[in-house]
Amino acid sequence: MKFTNIFCATAIVASMATVSAQEVHAGLKRSVEAVYSTWRVALQQKHHGQWKSATAEHRQITIYNRLVSERKPYPASVFKMPMAPPSVQGLKAINVNMKGSTAIASYFGKIDFGIGGAPSENLMLLYFVGEKGQWKFDKAEYIMLSALADVRKQMLAGDYSYAKQKDFMASGVVPELPKQITKRGYIAKVYVYCPGREVKVNVNKGMSKHRFQNDKRAEVLIGGAFDGNNPITFETKSLPGSTGKEPMDIRVFLMSQIEGVKPVNVFQYRITPEDITAGKRPAEKSDKMINITAEHVKGIMTKP
């Protein structure tokens, strides 16, 4: 299972000139580790200027859009982390690679999130983007190996082949810059339950794009939801290993800012086990509409 946390880091001057593969690996490791270390200090000290200069531009906009869409204070909320960003000290760097203006550093070991208890051996991937001759931090991804006991056993024995697959290699594709939102509607979230499937959701003509794989979670609707019609498009496909018979659920909720008021369901597309038995399958692509009514708005504004 993958858990992705949007972390951002400081920049450090790193040569992106032509060097041999071996030199790239060694130099890259030193550079990105220094970037990550400096970034952790910026977060711990709540230094917005340093954080901003250190963060990949597309990630800055992504974080801004998410926080503003939730009506959270910016930039103060940037530093309200649910857990501490782990240090790489004591971890084994098992794959540090780059392609074009992208880089990934993979680490294995006892990753400590500062939430108490004894940390266990897991896998951490740090993503970087090159901007104007500097590496900047993009995000961190954690693969919890509790569900991959054989993989953990292999790594503990020194076999790191699992983390050297294609999915763990830099792609060379720099993420596109999202548009910074200038208006926002009601706070909303899109929830997807999709065992065995990939689901892509697009709300308000590209304002809010989401991708779920074998997931059960919710994401903030960027820009929020507005009175009246809000176009929603979703695409689905089966993932390798799936039976094609798994249930699926896509929902959109309006979220209240009043304590004790429950979210209001304003959209749902659902395939149940009974539907599967009856021969129904999820649409590969569907264009629908979320219609926000006065009754919906009343529901998030009124205490029960």
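Visitor: Which helix and strands each supply at least two residues of the lining of the second largest pocket?

Guide: Please keep in mind that this is a predicted model. Helix H3 (57-69), strand S5 (121-131) and strand S6 (134-143) each supply at least two residues of that lining. H3 gives the most, with three residues.

Visitor: How much space lies in the second largest pocket, and which residues lie nearest its centre?

Guide: The space in this pocket is about 180 Å³. Its lining consists of 13 residues, and those nearest the centre are Glu57, His58, Glu131, Lys132 and Lys136. Sorted by class, the lining has five charged, four polar and four nonpolar residues.

Visitor: How does one decide whether a residue is buried or exposed?

Guide: One looks at the relative accessible area: under 20% is buried, and over 50% is exposed. Ser31, in helix H1 (residues 21-44), is buried because its value is 15%. Asn229, in strand S11 (residues 228-238), is exposed because its value is 52%.

Visitor: Which residues is Asn229 in contact with, leaving aside its neighbours within four places in sequence?

Guide: Asn229 is in contact with Met289, Ile290 and Asn291. Asn229 and Thr293 are 64 residues apart along the chain, and their C-alpha atoms are separated by 9.0 Å. For Ser31 and Leu177, which are 146 residues apart along the chain, the C-alpha separation is 24 Å.

Visitor: How should I read the sides of a helix? Which residues of helix H4 are buried?

Guide: In H4 (residues 149-156), the buried residues are Val151, Arg152 and Met155. These residues cover an arc of only 100° around the axis, so they are on the same side of H4. The face turned away from that buried side carries the exposed residues Ala149, Asp150, Lys153 and Leu156.

Visitor: Which strands do the buried residues of H4 pack against?

Guide: They pack against strand S3 (92-99), strand S4 (102-110) and S5. Just after H4, Gly158 takes a positive phi of about 95°.

Visitor: Let us turn to charged side chains. How many salt bridges does a search of the whole structure find?

Guide: The search finds ten salt bridges.

Visitor: Which residue forms a salt bridge with Glu198, and where in the chain do the two lie?

Guide: Glu198 pairs with Arg211, and their closest N and O atoms are 3.0 Å apart. Glu198 is in strand S8 (residues 197-203) and Arg211 is in strand S9 (residues 208-213), 13 residues apart. Glu198 is buried because its relative accessible area is 7%, whereas Arg211 counts as partly exposed because its value is 47%.

Notes: Residues are numbered from 1 along each chain as its sequence is written. This is a predicted model: local features need pLDDT of at least 70, side-chain atom pairs count only at pLDDT 80 or more; totals for chains, interfaces and linings use all residues. Side-chain values use heavy atoms; hydrogens and water are left out. Helices (H or I, at least four residues) and strands (E, at least two) are DSSP runs, numbered from the N terminus. Buried means under 20% relative accessible area, exposed over 50%, partly exposed in between (1.4 Å probe, protein chains only). Contact means heavy atoms within 4.5 Å. On a 1 Å grid over the protein atoms alone, a cavity is a set of points where a 1.4 Å probe fits but cannot get out, and a pocket is an open set with protein on both sides within 12 Å along at least five of seven lines; lining residues have an atom within 4 Å of a point. Grid points are joined across faces, edges and corners, and a volume is the space filled by probe spheres set on the points. Ala, Val, Leu, Ile, Met, Phe, Trp, Tyr, Cys and Pro count as nonpolar, Asp, Glu, Lys and Arg as charged, and the others, Gly among them, as polar. The arc is that of the directions from the helix axis to the C-beta atoms. A salt bridge is a side-chain nitrogen of Lys or Arg within 4 Å of a carboxyl oxygen of Asp or Glu.
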